[in-house]
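I opened the file with my notebook beside it. These are my entries, in the order in which I looked things up.

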Amino acid sequence: MSRPLHRGSGGGRLSGSMNDLWTDSQMKDKTEKDDIDKIRSDRSFLSLIFPFFQDSLPTKNSVVLAITGSFWWTISIGTSSRGQIFHGYRRLQEQLVSDLLEIGELSSGTSRFKDVEFCSDESENYVPCFNVSMNLELGFPKGEENNRHCGSSSLQNCLVLPPTNYKIPLRWPTGQDVIWVSNVKISAQEVLSSGSLTKRMMMLEEDQISFRSASPMFDGVEDYSHQIAEMIGLRNESNFIQAGVRTILDIGCGYGSFGAHLFSKELLTMCLAEFEASGSQVQLTLERGLPAMLGSLTSKQFPYPSLSFDMIHCARCGVDWDKKDGIFLIEVDRVLRPGGYFVWTSPVTNTQGFLRNKENEKRWNTVHTFASGLCWELLSQQEETVVWKKTSLKKCYASRKSGSGPPLCSKRHDIETPYYGLLQTCIGGTQSRRWVSIKDRAPWPARSNLKSNEIQIYGLGLHPEDLAEDTLNWNSAVKNFWSLLSPLIFSDHPKRPGDEDPSPPYNMVRNVLDMNARFGGFNSALLEAGKSVWVMNVVPTTGPNYLPLILDRGFVGVLHDWCEAFPTYPRTYDMVHVAGLLSLETGQKRRCSMQDLFSEIDRLLRPEGWVILRDTTTLIESARSLAPLLKWEARVVEIESNSDERLLVCQKPFFKRLAN
C-alpha cells in the first residue's frame, strides 16, 4: 500500500554514502505499475476528493496532477472504509497519470536541472549568513561575529538532513508545551543552567523539554504579565487588547514563554534574538510553534518599518541600552508605535540595589535621562521592571530643551523600507502618515479590516475595493485549499492509523511562511477560517512594500530578499506558501536561480511539511520539474477553468539518517 500522507510516518532512511537513499518507493513501483496496467478511472470519485470541482468534473486538460516518485499521494482513513476508498482513489490516480503520459507532462523540463545533493552532517543546524568562524576570519570586530553578514552566495544549494533522532513535532497545542530534545541543538546542561527569567521556565523530562503550565515556574510568567498590565494601569493582561496592544516584539525572548502565555490572550508576540550556535532561543521558540526570527540587535536596523509594534519587551535580553549614546533605544523608538510601551526588566533598574551597586545606578540614570529625551513617559517602576510609554504627540519633540535628546530624522532618512541598514542617530517615524496612537486604532480583531481612510495613507495606489476583493479571493482560496487537500493536510482533526480521534483544536500545521504576502490576505483568511496557525508574512524587497499595511492589520511580518537566506534555523515551518513570487522574481535581474530558491524552501521546511505555489502555468510547470530533484512529492492542479494560473502542491519527505 502507498505511504499515507499524514505527519508522523517513518519516512525514508539514510545510511552509508549521502546518495544511498532508502524509501518504500522501490518496493511499490512494480505493484503500482501493475495496478496502472489493470485499472481504469472512476471519475465520479473526484467529487469525493475535490468537492469544489463538482460542478465541472475533470477532463483530459482540466485538473492535472503531476504525481512523481512512488505515488505517495494517498489517503489516511479508518479501517472500516479503507478498501473501498483506496481502490477508488487508485483508479483516479491511474486515469490522471494516463492523461499526463498522453500530453507528455511527466517527462518535460527535468533535463535542465541536476538532482540536489544532501548537505554535510555539519549543516543540520547551520544558518547561512550567520557563520561565526567565517565572520571572525573576515575581521569583523568582537561582538559582531554573531551578527548577520550575507554575501552573494549565502544560499545553500543542497538539502539539509534532520538530526539522527529527529521526530515530527507534537500536534498543536500540545507542541507548545512539549518539544523533542533531539529536534533542537541544546544539551541537558544548557537546559539545566539556563538562567534568564523565561529560560528557567522549562524542565528536562527524558527525551523531551516541557514548558507545561502545570510547572510551578509558569506561575512566574502569569504573575509577571499581570504585573506589567497593572503597571500600565490595566486590571490584568486580558485588557491589553482594549488598551491598543496586539503585537509585541520580544527582544531576547528566552524560549518564548512570555509570548506563549500572551498568545492565549489574542496577543501576537514576535521573538527576536541573536544567532546562537546551540541552545538557541529562536530555534526552540519556533519548535514550540511560536513566532521567532534571528536579528542583529547591536549593529543593524530591524528589518521592520517604523511604527511596527504596540509593545517592545526586554527581560534580561542582554542589550546594553546605556551604550553607544543610546542608539539602541533610538531603534526601539523607531519601531514602537505612538502610545506604545517599552518594558525593560533588568537588575540595572532595581533602585533598591543602588547602594550596593554604583555601576548599575550610573547605567540606570543614563537610560532614564535618554528615555526622557525621546519623549517617553515613565509610567511605573517595580523591583526590576520599568514601563515607559512613547508619546503620541509630535509637539513633545519641539518642546524639549535644546540638546536634551536626539534630533528628528529628515524626510530623506525617515524611510519605511529599512533592510538591515545602519543604526541611525535621529528619531524616526515622525514623517510617516501612519503616526497614529495605538489607542486611536481599532482594537483587535477589528483592526485587521482597515477602513477607507486608513488604506489611503499607504501611498500604494490602493482603493478600499482592492482590499475587499483581496479578502474575498483569499477566503475562497483557503476554503478550496481545505476541500482540495483534506484529509491529507490542513485537517483540524487528523487521524493516524491506530490513533484515537484527537480533540479539537489539534492541527498538524502551525508555523506558516508566506513568501509573498502582499496585503496579508492569506493570513487573514486562515484566521477567518478558525485555523490555529500563525503566519510569517514576508514582503520581498523586489516588490512594493506592503509590510506597513500588514503590520497595521495586527499581523507580523518582515522584509526579505529571497536571493539571501531567510534568518531562521532549518526545519522551522510546517508550510511554505508561495503566491506570485516566481512571477515577481523573474521580472528582476536574476542573482539566483529557481533551484536556489527551492533549496532554501527545503531548508526552512520541516520533514513532511508542505509547499503550496500559485503562479502562471509556465512557471508552475518549471517549478514542477524541479520538485523531484529535491525529492518532493508534487502535483499540479488547475484551479479555474479559464485561468492561466495553476497550483503546485508539494510535500517534503522525511528521510532519516541511521545512527552510527
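**Entry 1: a covered helix.** I listed the buried residues of helix 18 and found Met 594, Gln 595, Asp 596, Leu 597, Phe 598, Ser 599, Glu 600, Ile 601, Asp 602, Arg 603 and Leu 604. Buried means under 20% relative accessible area, exposed means over 50%, and partly exposed is in between (1.4 Å probe, protein chains only).

What do the buried residues of helix 18 pack against? I noted strand 13 (511-514), strand 16 (573-579), helix 17 (581-586), strand 17 (605-616) and helix 19 (617-626). Contact here means heavy atoms within 4.5 Å.

**Entry 2: ground rules.** This is a predicted model, where local features need pLDDT of at least 70 and side-chain atom pairs count only at pLDDT 80 or more, while totals for chains, interfaces and linings use all residues. Residues are numbered from 1 along each chain as its sequence is written, and side-chain values use heavy atoms, with hydrogens and water left out.

**Entry 3: the whole protein.** I read off 19 helices and 20 strands. The protein has 660 residues, and buried ones make up 60% of them. I then took contacts between residues at least 6 apart in sequence; 74% of these join residues at least 24 apart.

**Entry 4: the largest pocket.** I looked up its volume and got about 560 Å³. A pocket is an open set of points on a 1 Å grid over the protein atoms alone, where a 1.4 Å probe fits, with protein on both sides within 12 Å along at least five of seven lines; lining residues have an atom within 4 Å of a point. The volume is the space filled by probe spheres set on the points, and grid points are joined across faces, edges and corners.

The largest pocket is lined by 21 residues. Closest to its centre are Asn 473, Trp 474, Ala 477, Arg 614 and Glu 645. Which element gives the most to the lining? Helix 14 does, with nine residues. Helix 14 spans 464-485, and strand 19 (645-651) also supplies at least two residues.

I sorted the lining by type: nine nonpolar, five polar and seven charged. Nonpolar covers Ala, Val, Leu, Ile, Met, Phe, Trp, Tyr, Cys and Pro; charged covers Asp, Glu, Lys and Arg; the others, Gly among them, are polar.

**Entry 5: strand 19 again.** I picked Gln 651, which sits in strand 19. Gln 651 counts as buried, at a relative accessible area of 2%.

**Entry 6: rings.** My search of the whole structure gave 21 aromatic pairs. Rings of Phe, Tyr and Trp (its six-membered ring) pair if their centres lie within 6.5 Å; planes under 30 degrees apart are stacked, over 60 edge-to-face, the rest tilted. Phe 275 and Tyr 569 are stacked, because their ring centres are 5.9 Å apart and their planes are at 15 degrees. Phe 275 is in the loop between strand 7 (268-273) and helix 9 (281-287), and Tyr 569 is in the loop between strand 15 (556-560) and strand 16, so the pair ties together parts 294 residues apart in sequence. Both residues are buried. I also found a cluster linked by ring pairs: Trp 321, Phe 342, Trp 364, Trp 376 and Trp 388.

**Entry 7: cis bonds.** Trp 172 and Pro 173 are joined by a cis peptide bond, with omega about 5 degrees. Pro 173 lies in the loop between helix 4 (132-137) and helix 5 (174-177). The bond from Trp 444 to Pro 445 is cis too, with omega near 5 degrees.

Entry 8: Glu 383 has phi near 50 degrees, a positive value in a residue other than glycine. Is Glu 383 buried or exposed? Glu 383 is exposed, because its relative accessibility is 61%. Tyr 420 has a positive phi near 55 degrees, and at 10% relative accessibility Tyr 420 counts as buried.

How values were computed
Helices (H or I, at least four residues) and strands (E, at least two) are DSSP runs, numbered from the N terminus.
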